[in-house]
Amino acid sequence: MIIPETFFSVSEHLMLFFLSCLTGAFLGVLYDIFRILRIALPHSSIAVFLEDFLFCLIWSLSLMMLSSVCARGELRLFFAIGSLLGFILYMVTLGRLVIASAGKFISFFTATARFLTLPIRKLYNILYKKTGNIPSDKKKSSKKI
């Protein structure tokens with residue numbers, strides 16, 4: 001009769017810890033995507049809360065998947081610690097570079113878009129001043145009751 005192995009060796013625990021650190025780094029990339037969206041498209045506080053809640057759900061699901069796929073369903077505290085460590089290491093190293101370059105790219109993109117749409121905006125202003133018509137979204141009720 002063969003008895004299955006029911007415990008992990010130290011080297012296997014170390015490998016699981018490194019996998020959890022790598023999971024945390026990938027989660028840092030995902031969080032940077034959320035941060036870039038917040039820079040590009042300003043959100044209300046409710047939308048930010050929902051994004052953060054979604055991120056926490058994704059984080060917990062990734063830890064559960066890590067434990068079920070790599071650790072025979074055994075969830076260990078060092079999985080959470082390792083993923084947090086990987087997340088923090090990503091944020092203080094590559095995360096700073098990604099956000100800085102994304103901010104510059106978004107600023108460049110908006111400046112380019114404003115420059116390219118300048119003739120259309122000027123034409124709109126000239127036509128608006130000559131006709132004196134108020135665009136439908138800026139009409140105010142002039143009726144007095």
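Predicted model: local features only at pLDDT ≥ 70, side-chain atom pairs only at ≥ 80, totals over all residues.
**The protein as a whole**

- The protein has 145 residues, of which 22% are buried.
- Its accessible surface amounts to about 11,300 Å², and carbon and sulfur atoms account for 74% of that area.
- Among contacts with a separation of 6 or more, 72% are between residues 24 or more positions apart.

**Aromatic pairs**

- A pair of aromatic rings is described by two quantities, the distance of the centres and the angle of the planes.
- The structure contains 10 aromatic pairs.
- In one of these, the ring centres of Tyr 31 and Phe 87 lie 5.9 Å apart and the planes stand at 70°. Because angles over 60 degrees count as edge-to-face, this pair is classed as edge-to-face.
- The pair of Tyr 31 and Phe 87 joins distant parts of the chain, 56 residues apart: Tyr 31 belongs to helix 1 (residues 10–40), and Phe 87 belongs to helix 3 (residues 77–116).
- Tyr 31 and Phe 87 are both buried. For Phe 87 the relative accessibility is 13%, which is why it counts as buried.
- Phe 87 also pairs with Trp 59, with ring centres 5.1 Å apart and planes at 55°.
- Trp 59 is located in helix 2 (residues 45–70) and Phe 87 in helix 3, so their pair ties together parts that are 28 residues apart in sequence.
- Elsewhere, ring pairs connect Phe 17, Phe 18, Phe 78 and Phe 79 into a cluster.

**The crossing of helix 2 and helix 3**

- The axes of helix 2 and helix 3 come within 11 Å, with a crossing angle of roughly 125°. Because of this angle, helix 2 is oblique to helix 3.
- The crossing of these two helices is right-handed.
- On the side of helix 2, the contact is made by Phe 55, Trp 59, Leu 63, Leu 66 and Ser 67.
- On the side of helix 3, the contact involves Phe 79, Ala 80, Ser 83, Leu 84 and Phe 87.

**Ser 20 in helix 1**

- Ser 20 is part of helix 1, and its relative accessibility is 0%, so it counts as buried.
- Leaving aside residues up to four places away in sequence, Ser 20 touches Leu 66, Phe 78, Phe 79, Gly 82 and Ser 83.

**Ile 36 in helix 1**

- Ile 36 also lies in helix 1. Its relative accessible area is 27%, so Ile 36 is partly exposed.
- Leaving aside residues up to four places away in sequence, Ile 36 touches Val 98, Ile 99, Ala 102 and Ile 106.
- Ile 36 and Ile 106 are 70 residues apart along the chain, and their C-alpha atoms are separated by 8.9 Å.

How values were computed:
Residues numbered from 1 in each chain as written. Heavy atoms only, no water. Phe/Tyr/Trp six-rings, centres within 6.5 Å; stacked < 30°, edge-to-face > 60°. Helix = DSSP H or I, 4+ residues; strand = E, 2+ residues; numbered from the N terminus. Buried < 20%, exposed > 50% of the residue type's maximum accessible area, 1.4 Å probe, protein only. Contact = heavy atoms within 4.5 Å. Areas by Shrake-Rupley, 256 points an atom, 1.4 Å probe, with all protein chains shown as cover. Axes fitted to C-alpha atoms, helices over the stretch in contact; angles between N-to-C directions. Parallel < 35°, antiparallel > 145°, perpendicular 65-115°, else oblique. Left-handed = near helix turned anticlockwise from the far one by under 90°.
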